[in-house]
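Trainee: I've got a new model open and some time to go through it. Can you walk me through the structure?

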Amino acid sequence: CGQCIQACPVGALTIHDDTEHVYEAMEAGKHVIAQVAPAVRITIAEALGENPGTVNKGRLVTAMKRVGFDKVFDTDFSADLTIMEEGHELLNRLQNGGTLPMVTSCCPAWIKFCETSFPEELPHLSTCKSPQQMFGALLKTWYPERSGVYPKDIYSVSIMPCTAKKFECVRPEMNSSGYQDVDKVITVQELANMICAAGINFADLPETEFDSPFGLGTGAGEIFGATGGVMEAALRTVYEVVTGEELEDVDFNAVRGFEGIKEASVDLKGIEVKVAIAHGLGNARKLMNAVKAGEADYHFIEVMACPGGCIGGGGNPIKNWKKMEKRLEGVYAEDKKLPIRKSHENPYIQKIYNDFLGEPLGEQSHKLLHTTYIDRSDIFKS
Ligand code: SF4
């Protein structure tokens with residue numbers, strides 16, 4: 001409701017229709033690039049009248065090209081990059097006495113909630129930017145060097161399940177490229193409106209692949225859309241980095257599902273890593289109160305503000321739990337289909353470290369892929 005939208009302290013309920021700005025950029029001859037978040041492929045067909053859980057990335061890319069996007073890239077790629085950075089950050093904290101538990105930072109509504117309600121706990125947050133913002137920084141640094149398109153001519157659009165991402169992209173810290181890294185965020189609902197307005201019959205479209213080089217993501221990136229997905233993706237990589245052994249069963253079932261707070265413990269060849277996952281801000285508050293009281297002996301916590309994670313985000317079609325079950329099935333079915341299911345095995349991730357970034361947590365990565373947070377508790381004092 002309008003009152004909730006105005007009062008929401010985390011910006012998750014702030015709704016703008018930004019499609020007009022995207023059309024203007026297209027008409028102005030900008031090089032308009034889209035990145036498509038993991039949850040979007042799960043809910044776009046539903047937004048256009050198909051059954052919940054129907055997933056077809058190929059039709060989505062075709063529709064977006066017909067709407068007028070010059071390039072359509074996959075945010076799964078930068079989800080993999082997030083895992084590389086976040087996994088190494090966790091290892092660094094474990095080995096060097098850093099602040100624990102480390103808490104994920106992919107969800108801007110959660111970040112703003114932490115900044116307003118738990119400012120003294122900010123050192124627990126991973127310094128990694130979200131996949132959206134990592135991608136944005138690369139699209140105006142690495143991509144121009146390879147494509148010959150000047151950063152000033154690029155208009156970078158994120159297609160997200162999320163309204164809080166609109167706030168995230170205008171945070172002043174999100175200008176690592178020297179420009180605003182992501183120019184505009186539009187939601188699944190806004191994209192569905194653009195597809196309808198173009199007179200496209202989504203059900204009948206042929207399939208097109210995501211554009212290269214940011215079109216290849218792994219199953220690990222795919223599961224970011226569900227609560228527990230970031231944790232599972234991180235564990236797949238951290239296990240192999242720490243043990244040096246291949247993880248044969250990549251399915252961490254203990255971190256899946258819609259239980260409000262989930263806990264698990266993973267044995268990394270003698271090192272026990274305790275993890276917890278919360279979705280919905282009420283559950284996040286409970287976990288953070290335990291952290292604050294020194295009663296939470298976890299090493300790693302994932303928090304997503306929306307019930308169910310991003311597949312339940314406010315930019316998607318209206319949900320109920322029956323639909324959410326179908327969306328969740330869609331997430332894990334996509335993960336299973338992919339030939340590569342661990343972020344560190346993505347060949348383009350390996351290439352971008354070799355050619356441009358150097359190493360996880362290195363100087364260039366710090367400049368482009370990490371961020372800082374702000375105490376916003378003043379909001380409650382005025
Ligand atoms: Fe956005 Fe919700 Fe996902 Fe957070 S959980 S990133 S608020 S859609």
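Mentor: Start with helix α15. Its face turned away from the buried side carries the exposed residues P347, Q350, K351, N354 and D355. Helices are DSSP runs of H or I with at least four residues, strands are E runs of at least two, and both are numbered from the N terminus.

Trainee: Is this an experimental model or a predicted one, and how do the numbers work?

Mentor: It is a predicted model: local features need pLDDT of at least 70, side-chain atom pairs count only at pLDDT 80 or more, and totals for chains, interfaces and linings use all residues. Residues are numbered from 1 along each chain as its sequence is written.

Trainee: OK, back to α15. Which residues are buried there?

Mentor: I349, I352 and L357, in a helix that covers residues 347-357. Seen down the axis of α15, they fall within an arc of 60 degrees, so they line one face of the helix. That arc is taken over the directions from the helix axis to the C-beta atoms.

Trainee: What covers those buried residues of α15?

Mentor: The cover includes α5 (75-96), α8 (142-147) and α16 (363-369). Contact here means C-beta atoms, placed from the backbone, within 7 Å.

Trainee: And what follows α15?

Mentor: G358, with a positive phi near 90 degrees.

Trainee: New topic. How many residues of α7 are buried?

Mentor: Nine of the nine, residues 131-139, so α7 is largely enclosed by the rest of the structure.

Trainee: What do the buried residues of α7 pack against?

Mentor: They pack against β1 (31-36), α5, α8, β4 (154-160), α9 (164-168) and α16.

Trainee: Zoom out. How many helices and strands does the protein chain have?

Mentor: 16 helices and eight strands. Buried residues make up 51% of its 382 residues.

Trainee: What about the largest nonpolar core?

Mentor: It has 104 residues, and A34, I44, W110 and I159 touch the most other members. The largest share, seven residues, comes from helix α12 (residues 229-243). Such a core is a set of buried Ala, Val, Leu, Ile, Met, Phe, Trp, Tyr and Cys residues joined through C-beta atoms within 7 Å.

Trainee: What is I44 in contact with?

Mentor: Leaving aside neighbours within four places in sequence, I44 is in contact with L60, V188, L191 and A192.

Conventions:
A residue is buried if 20 or more other C-beta atoms lie within 10 Å of its own, exposed if 12 or fewer, and partly exposed in between; C-beta atoms are placed from the backbone. Two residues are in contact if their C-beta atoms, placed from the backbone, lie within 7 Å.
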